[in-house]
Amino acid sequence: MTLRDVLKRGETELSEAGVPEAELNAWYLFSRCFSLERSRYFLHQEEPAGEKECAEYRELLALRRTRMPLEYIIHETEFMGLPFYVDERVLIPRQDTEILAEELLKVCEGRDVLDLCTGSGCIGISLAVLGSCRSVALSDISTGALEAAGRNAERNGAVVSLVHSDLFENIRGRFDIIVSNPPYIPSGQIEFLMPEVRDYEPRTALDGEEDGLAFYRRIIKESRDFLRENGVLALEIGSDQGQAVSSLMERAGFFGIEIKKDLAGLDRIVLAGMKEEK
């Protein structure tokens, strides 16, 4: 079979399995197995395909047909232009979350940052690498997630500290910025998510309990003891949770509450400041 035949077969297999963006997925797996960029592929597409590479490609296609996310198969994704290792211990970073990182890059210079529920570490590591933070701490209840975050910090040359903690349980000191992308999907909605998310991404990083707001209630209430005066609390939210999370912040005494939208025009993050009680 030629390289072109192999790629076309992969596209067909993924399409018949109902995989979204089948052609693009087939190409990513193909280019990885055959070490080919687009330009080289077009020059050599009629050449015979190697047996070893074909066997590897078939294995990866079989995984993708089960709806295992592409990122978990290749253990690679990009966030804020930086490379991140991902596996089934962590959520796959989304482009929507870059909105949160971009907002914090505007205010993180010389400041101490805590990234709660850090997962892959994508938010905190991006701030450490691209910002001029004084310090960045990454915290998660999952030891597996912290291992992945540590690997990503080393890969990107980020100077961070890692804290194994159930939210604020083992956190010490105060911070200028606390950021979190916590679990926020209502428990009853998880079974309706696409298979890539429902069947593969860690449920503990998805499940926001009955109404999706359980972690926001805890973070908003407890963060007051860990934020410095005029510190910032920044949270990613579900597209229908802006008003609910804003109300929780207002009742907790936060000020300057802002809801920011993602590129699709949907509510995506909430930011607020805090003053110490006199």
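Two residues are in contact when heavy atoms of theirs lie within 4.5 Å of each other. With that in mind, let us tour a predicted model, one close-up at a time.

**Figure 1. Ile-220 and its contacts.** Which residues does Ile-220 touch, leaving aside its neighbours within four places in sequence? Ile-220 is in contact with Leu-233, Leu-235, Val-245, Leu-248, Met-249, Ala-252 and Phe-254, with those sequence neighbours left aside. Ile-220 is also one of the buried residues of helix 10.

**Figure 2. The whole protein, to get your bearings.** The protein has 11 helices and 9 strands. Its C-alpha trace spans about 75 × 40 × 35 Å along the principal axes. Of its 278 residues, 53% are buried. Now look at the contacts with a separation of 6 or more: residues 24 or more positions apart account for 64% of them.

**Figure 3. The largest nonpolar core.** This core holds 32 residues, and those that touch the most other members are Phe-168, Ile-178, Tyr-216, Ile-220, Leu-233 and Phe-254. Which elements give two or more residues to the core? They are strand 3 (112-116), strand 6 (175-180), helix 10 (214-222), strand 7 (227-236), helix 11 (242-251) and strand 9 (267-274). Helix 10 gives the most, with 4 residues. Apart from this core lies another one, of 30 residues, and among its members are Val-19, Cys-54, Leu-60 and Ala-148.

**Figure 4. The buried residues of helix 10.** Here you can pick out Ala-214, Phe-215, Tyr-216, Ile-219 and Ile-220, the buried residues of helix 10. What covers them includes strand 3, strand 6, strand 7 and helix 11. A handy thing to remember while looking: an α-helix has 3.6 residues a turn, so residues three or four places apart point the same way.

**Figure 5. Helix 10 beside helix 11.** Two packed helices are described by the angle between their axes and the distance between the axes. For helix 10 and helix 11, the axes come within 9 Å and cross at roughly 25 degrees. Helix 10 is therefore roughly parallel to helix 11, as angles under 35 degrees count as roughly parallel. Their crossing is right-handed. On the helix 10 side you will find Tyr-216, Arg-217 and Ile-220, which meet Val-245, Leu-248 and Met-249 of helix 11. Sorted by class, this contact has 5 nonpolar, no polar and 1 charged residues.

**Figure 6. Leu-167, a loop residue.** Leu-167 sits in the loop between strand 5 (161-164) and strand 6. Is Leu-167 buried or exposed? Leu-167 has a relative accessible area of 4%, and under 20% means buried, so Leu-167 is buried. Leaving aside neighbours within four places in sequence, Leu-167 is in contact with Leu-116, Cys-117, Ser-139, Phe-215, Arg-218 and Ile-219. Take Ile-219 from that list: Leu-167 and Ile-219 are 52 residues apart in sequence, yet 7.3 Å apart in space, C-alpha to C-alpha.

**Figure 7. Helix 1 beside helix 4.** Helix 1 (residues 3-16) and helix 4 (residues 51-65) have axes that come within 10 Å and cross at roughly 15 degrees. The two helices are therefore roughly parallel to each other, and their crossing is right-handed. Helix 1 brings Val-6, Leu-7, Gly-10, Glu-13 and Leu-14 to the contact, while helix 4 brings Cys-54, Tyr-57, Leu-61, Arg-64 and Arg-65. By class, that makes 6 nonpolar, 1 polar and 3 charged residues.

**Figure 8. Helix 2 against helix 4.** Helix 2 packs with helix 4 at an angle of about 145 degrees, and the axes are 9 Å apart. This crossing is right-handed. Look for Asn-25, Ala-26, Leu-29, Phe-30, Cys-33 and Phe-34 in helix 2, which meet Glu-53, Cys-54, Glu-56, Tyr-57, Leu-60, Leu-61 and Arg-64 in helix 4. By class, the contact has 9 nonpolar, 1 polar and 3 charged residues.

**Figure 9. Two glutamates with positive phi.** Most residues other than glycine have a negative phi. Glu-21 has a positive phi, near 50 degrees, and lies in the loop between helix 1 and helix 2 (22-34). With a relative accessible area of 59%, Glu-21 is exposed. Phi of Glu-209 is also positive, near 70 degrees. Glu-209 is found in the loop between helix 9 (195-198) and helix 10, and counts as partly exposed at 44% relative accessibility.

Definitions and conventions. Residues are numbered from 1 along each chain as its sequence is written. This is a predicted model: local features need pLDDT of at least 70, side-chain atom pairs count only at pLDDT 80 or more; totals for chains, interfaces and linings use all residues. Side-chain values use heavy atoms; hydrogens and water are left out. A nonpolar core is a set of buried Ala, Val, Leu, Ile, Met, Phe, Trp, Tyr and Cys residues joined through side-chain atoms within 4.5 Å. Buried means under 20% relative accessible area, exposed over 50%, partly exposed in between (1.4 Å probe, protein chains only). Axes are lines fitted to C-alpha atoms, for helices over the stretch in contact, and angles run from 0 to 180 degrees between N-to-C directions. Angles under 35 degrees count as roughly parallel, over 145 as roughly antiparallel, 65 to 115 as roughly perpendicular and the rest as oblique. A crossing is left-handed if the near helix is turned anticlockwise from the far one by less than a right angle, and right-handed if clockwise. Ala, Val, Leu, Ile, Met, Phe, Trp, Tyr, Cys and Pro count as nonpolar, Asp, Glu, Lys and Arg as charged, and the others, Gly among them, as polar.
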